[in-house]
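Reader: I have a structure open and want to talk it through. Can you take my questions as they come?

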Amino acid sequence: MANVEVIDPNDPGKPNRPATYGETNRDIIRVLLKPSVGYVLGVLLALTGMIIGGYCWYLQITWGMGVAGITHPTMWGVYIVTFVFWVGIGHAGTLISAILYLVRSRWRTGVYRASEAMTVFAVMTALLFPVLHLGRCWQAYWFFPYPNQRQLWLNFKSPLMWDVFAISTYFTVSVVFFYVGLVPDIAVFRDHSRGLVKKFYGVLAGGWRGTHRQWHHYMAAYGFFAAFAAPLVLSVHSVVSWDFAMAPTPGWHSTIFPPYFVAGAIFSGCAMVISLLMPMSYLFDWHKYVNTWHYENLAKMCLLTSGILTYAYGMEYFVAWYSQNPYEQSIFVWRATPSADYGWAFYLMVFCNCVAPLAWYSKKLRNNHVALFIVAAIINVGMWFERFNIIVSSLAHNFDPAAWWYYWPSNIEWGVLVGSTGWFFFWFLLFCKSFPAIAITEIKEMVEPPVKGSL
Amino acid sequence: MSSAVRIKAVYNHLDCLLTGIDRLKRAGFTGFDVQAPLPRHEIEEIMYEGRPSPVRWWTMTGAIVGMCAGFGITSLTHSAWPMINPGGKPTVALVPFAVIMFEATILVGSLATGLGMVVHCGLPAYFIDRSLQDPRMTDSSFGITFTRASAAQQEAIVELLSKTGAVEVTTGNDTFYEVPNA
């Protein structure tokens, strides 16, 4: 009965593991100590971005939607581009925490908590944009079905309504999954702090004591959450893609969009995890828990999804040619014309998403932190421009040549984009400093259990 | 009638803990809590002997309720305003409604799972017996705690726990652990 199962000694993550359970606690709880100068500067930078974005939103509310660059026929501009971008970023977290949990991938352990936090804050950021795009943001509750005297309900046959339900469900499930995972680790923070801080973590931990009953039901529930979240990851960006694919607009009306969008979302999300975790591991000295092994696996995920994206880009052109539809052919030729309005955006997208990640086929570059960080940043820029390319170019070059228009974002829109980035980084930095951004309990599962062995 | 007493054993080694639990069960003692800083399937197997958690029923019920609710809200609201007929679809169009039904299945299923977990874990539990509030159990130690053991059995339990490698066995108010220099 006293047989204890130990982990695989050939696991490549083993050399970097802590030796004891107590060491894990001490390493992670260090984040509660006095913040470093780098951290404070990061928070101030994020706050500055938020103030800029908030001021731009205030100007838009005061003066109306005219201050944003969107106008007929390009009624979806930076706001929708950035909305899709942040929803995409939010994908990797749940992918890493749910799908990699179900397939028992060991490398997820060090990175999944921060990735989940990234998901929650990225979706929080994405949710700002439909409200911003409304103009009259105080009527945002019209998005949801509520009983009213007019018996007027939402059109559930519209992909826009599917999107509202998909994103709000994704956000709710991600928050629940995230919080449930945090509870045992918050209990560690509670038990290793004092005073008001202890009370704060005590309330959040909900009286967790790690009894056999609690672990039994917790692990069962966690498995079900993962099983629910896994199809949700794949469905959410599929639904987002239907916002476009269900419209007859040339360049949008394509059945390849759902897998193409999902691959793009995972691609950008994994790149963002590298971009976020690398500076954080230097800032909080997490190298024992997040290291080259994790970055390399994330880079491999990016390589796979980059290949899928490159295939999807090529397949769009093949289908446009094969369809013999002149409108479809016209938009794709126009997009790829270097001298056309958005030709530069197309080639920037191709370089960032198809060419730059190829560097990671070299193991040397996959193991080089500077190269990893630079390529991850390039991918993030490229994925924003992918959405810009899809959304803006198709609308600006629609069916009727008389309506063709050159859209360029106004300063207000750029300001809001900066603000959304500041908003995201503010919450992420705050989380990393106040909560266990490395999953203490799951790291302990990787540690060989203390065994006396003489009984 | 004898009064109830608290007994707590602290273990530093997992195999000692498992032996302690096994011997307690063989001796017919029940009503104790095992605490651990992480989920170990060995503890789950010995305590539950393969019985699954009832949380799964909450999950299934929630998912079915969610799917029905998704179908209900879409079909009933469209039936209340049937002249909205985009793309020539029928009033109750299963294909577009399937998206909402799927989302509602996931949403209500997940929330029900969370609720089931909270109920069965006994959370929130801010006012539990102080003998269970031991910060060592979220650090690196394991524990077996009787919050209401029979006084007549106290001696036998303490002896059994001590013999299985517990580094500390305390009874009564001594089971309340205070962090040194807190």
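Author: Chain B has five helices and four strands. Keep in mind that this is a predicted model.

Reader: In what pattern do they follow along the sequence of chain B?

Author: The pattern of chain B reads β-α-β-α-α-α-β-α-β. Chain B is more spread out than a compact globule, because its radius of gyration is 25 Å, well over the 16 Å that the globule rule gives for 182 residues.

Reader: What does the C-alpha trace of chain B span along its principal axes?

Author: About 80 × 35 × 35 Å.

Reader: And how much of chain B counts as buried?

Author: Of its 182 residues, 47% are counted as buried. The accessible surface of chain B is about 8600 Å², and carbon and sulfur atoms hold 61% of that.

Reader: What share of the contacts in chain B with a separation of 6 or more comes from residues 24 or more positions apart?

Author: Such pairs make up 81% of those contacts.

Reader: On to helix H3 of chain B. How far apart are its end C-alpha atoms, and what should the helix span?

Author: Helix H3 of chain B covers residues 55–80, and its end C-alpha atoms are 37 Å apart. At 1.5 Å a residue, its 26 residues should span 38 Å, so the two values agree.

Reader: Which residues of H3(B) are buried?

Author: The buried ones include the glycines Gly62(B), Gly66(B), Gly70(B) and Gly72(B). Val55(B), Ala63(B) and His78(B) are also among them, as are Thr59(B), Thr74(B), Ser75(B) and Thr77(B).

Reader: What covers them?

Author: The cover includes helix H7 (212–245) of chain A and helix H4 (94–121) of chain B.

Reader: Then take His212(A), in helix H7 of chain A. Is His212(A) buried or exposed?

Author: His212(A) has a relative accessible area of 13%, so it counts as buried, the cut-off being under 20%.

Reader: What is His212(A) in contact with, leaving aside its neighbours within four places in sequence?

Author: Its contacts are Phe32(B), Asp33(B), Val34(B), Ile43(B), Met47(B) and Tyr48(B).

Reader: Change of topic. Which residues form the nonpolar patch on the surface?

Author: Val37(A), Val40(A), Leu41(A), Leu44(A) and Leu47(A) form that patch, and together they have about 440 Å² of accessible area.

Reader: Where does Leu44(A) sit, then?

Author: Leu44(A) is in helix H2 of chain A, residues 37–63. Its relative accessibility is 46%, so Leu44(A) counts as partly exposed.

How values were computed
Residues numbered from 1 in each chain as written. Chains lettered and ligands numbered in written order. Predicted model: local features only at pLDDT ≥ 70, side-chain atom pairs only at ≥ 80, totals over all residues. Heavy atoms only, no water. Helix = DSSP H or I, 4+ residues; strand = E, 2+ residues; numbered from the N terminus. Expected span 1.5 Å × (residues − 1). Buried < 20%, exposed > 50% of the residue type's maximum accessible area, 1.4 Å probe, protein only. Contact = heavy atoms within 4.5 Å. Patch = residues over 30% accessible without salt bridge, like charges linked within 9 Å, V, L, I, M, F, W, Y side chains within 5 Å. Areas by Shrake-Rupley, 256 points an atom, 1.4 Å probe, with all protein chains shown as cover. Salt bridge = Lys/Arg side-chain N within 4 Å of Asp/Glu carboxyl O. Rg over C-alpha atoms; globule rule 2.2 N^0.38 Å.
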